[in-house]
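Trainee: Could we go through this structure together, beginning with the terms we shall need?
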Amino acid sequence: MSTPVPASDRPDGRPEVPPPPGGAPLRVNPARRAAASPTHLPVVDETSAGGLVLRGGSERPEDFSAAVLLRRNRTGRLEWCLPKGHLEGRETPQEAAIREIREETGIRGSIQAELGVIDYWFTGEDRRVHKVVHHYLLRAEGGRLTVEDDPDGEAEDALWVRVDELAARLSYPNEQRLAVAALDLLESSSSLRDALRADAFPTERPDLP
């Protein structure tokens, strides 16, 4: 194992850093370190859309259920989350929300109300991303609850969850707040409940296992 050369033995008076085993001495370029700092990464804007597609057969807000996805995160933990995805081409957020929900849950829906916007930042390997996600309330109009048609294949399952239980089941705080907002809207507006109710929509499976 090599040892540092005493400062008195070097022309510049500084001790030499010993090389690591099997390699050359570590040399850090301060300019490259500064360039790799998150504050110097390029900023990219991304827009996504999704929301709650609801079914319900009565006047009571608690009788409405939302289609929710179950996914595994990078650590393998199972998470409950709302369907959503990136805008494609010249799509509007409303068009993207309808398409993404259909692809990820198998349910065809039509937008009845705006729910809220989630706005956050995250850092990737080569960029900082400003993410904006538009969420809507949709009426379920047909289809079969399934994740089999999701082109990304990210979800393990999809379930109907009662709206009054949704905040307790969703994994992310921002989506939990959206669930609370959705229940508040349903409780405060009978006309919205009427617009969201699809009396003829069939029940394919229980709300929860």
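This is a predicted model: local features need pLDDT of at least 70, side-chain atom pairs count only at pLDDT 80 or more; totals for chains, interfaces and linings use all residues.

Trainee: Then how does F122 count?
Mentor: F122 has 35% relative accessibility, so it counts as partly exposed.

Trainee: How many aromatic pairs does a search of the whole structure find?
Mentor: The search finds one aromatic pair. Its members are Y120 and F122, whose ring centres are 6.2 Å apart with 35 degrees between the planes, a tilted arrangement. Y120 is partly exposed because its relative accessibility is 31%.

Trainee: Which way do β5 and β6 run, and how many bridges join them?
Mentor: Strand β5 (residues 107-123) and strand β6 (residues 128-143) run antiparallel, joined by 15 bridges.

Trainee: What stands opposite I107?
Mentor: That is G143, in β6.

Trainee: Turning to helices, which residues of α4 are buried?
Mentor: They are E175, L178, A179, A182, L183 and L186. Viewed down the axis of α4, the buried residues fall within an arc of 140 degrees, so they line one face of the helix. R177 and S188 are exposed on the other side of α4.

Trainee: Why would such a spacing put residues on one face?
Mentor: An α-helix has 3.6 residues a turn, so residues three or four places apart point the same way.

Trainee: What span should α4 have, and how far apart are its ends?
Mentor: Helix α4 (residues 173-188) has 16 residues and should span 22 Å at 1.5 Å a residue. Its end C-alpha atoms are 23 Å apart, which agrees.

Trainee: A change of topic: how many salt bridges are there?
Mentor: A search of the whole structure finds 19 salt bridges. One of them is between E156 and R72, with the closest N and O atoms 2.8 Å apart. E156 belongs to strand β7 and R72 to strand β2, so this pair ties together parts that are 84 residues apart in sequence.

Trainee: Are those two residues buried or partly exposed?
Mentor: E156 is partly exposed at 46% relative accessibility, and R72 is partly exposed with a relative accessible area of 46%.

Trainee: And which residue does E88 bridge to?
Mentor: E88 forms a salt bridge with R99, the closest N and O atoms being 3.4 Å apart. E88 is in the loop between β4 and α2, whereas R99 is in helix α2, so the pair ties together parts 11 residues apart in sequence. E88 is partly exposed at 46%, whereas R99 counts as buried at 15%.

Definitions and conventions. Residues are numbered from 1 along each chain as its sequence is written. Side-chain values use heavy atoms; hydrogens and water are left out. Two strands pair if DSSP finds at least two bridges between them. Helices (H or I, at least four residues) and strands (E, at least two) are DSSP runs, numbered from the N terminus. Rings of Phe, Tyr and Trp (its six-membered ring) pair if their centres lie within 6.5 Å; planes under 30 degrees apart count as stacked, over 60 as edge-to-face and the rest as tilted. Buried means under 20% relative accessible area, exposed over 50%, partly exposed in between (1.4 Å probe, protein chains only). The expected span of a helix is 1.5 Å times one less than its number of residues. The arc is that of the directions from the helix axis to the C-beta atoms. A salt bridge is a side-chain nitrogen of Lys or Arg within 4 Å of a carboxyl oxygen of Asp or Glu.
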